[in-house]
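Let's learn to read charged pairs and surface features together. Have a look at the structure first, then we'll take the questions one by one.

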Amino acid sequence: LIEAKSGRYWEKQTKIGSKKYQKFQSDMGSRKKIANKYGYQYQLHSNSPIPNHVKKWLTKKGIKFYEY
């Protein structure tokens with residue numbers, strides 16, 4: 001399963017400590033669990049650069065990510 005992010009999403013949604021970033025983390029974790037439950041991988045694809053703190057978190061959670 002693939003999650004896609006584009007444009008200015010990262011600037012608006014992923015400031016460290018913000019409620020929006022906490023929701024992002026919670027949503028991504030839940031979706032990964034659902035994908036794994038059914039034997040799928042969960043990936044994040046972005047057409048804009050992903051901030052380093054988000055990359056570190058994704059890596060820690062075992063969520064593959066791709067930047068284009």
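Q: Which side chain meets Glu-11 in a salt bridge?
A: A salt bridge is a side-chain nitrogen of Lys or Arg within 4 Å of a carboxyl oxygen of Asp or Glu. Here the partner of Glu-11 is Arg-8, at 2.8 Å from N to O. Keep in mind that this is a predicted model, where local features need pLDDT of at least 70, side-chain atom pairs count only at pLDDT 80 or more, and totals for chains, interfaces and linings use all residues. Residues are numbered from 1 along each chain as its sequence is written, and side-chain values use heavy atoms, leaving out hydrogens and water.

Q: Are Glu-3 and Lys-5 buried or exposed?
A: Buried means under 20% relative accessible area, exposed over 50%, and partly exposed in between (1.4 Å probe, protein chains only). Glu-3 counts as buried because its relative accessibility is 13%, and Lys-5 is buried at 13% too. Their side chains meet in a salt bridge of 2.8 Å, N to O.

Q: Which parts does the pair Glu-67 and Lys-55 tie together?
A: Helices (H or I, at least four residues) and strands (E, at least two) are DSSP runs, numbered from the N terminus. The closest N and O atoms of the Glu-67 and Lys-55 salt bridge are 3.2 Å apart. Glu-67 lies in strand E3 (residues 64-67) and Lys-55 in helix H3 (residues 52-61), so this pair links parts 12 residues apart in sequence.

Q: Which residues do salt bridges that share partners join into one network?
A: Glu-3, Lys-5, Lys-23, Asp-27 and Arg-31 are joined that way. The structure holds 6 salt bridges.
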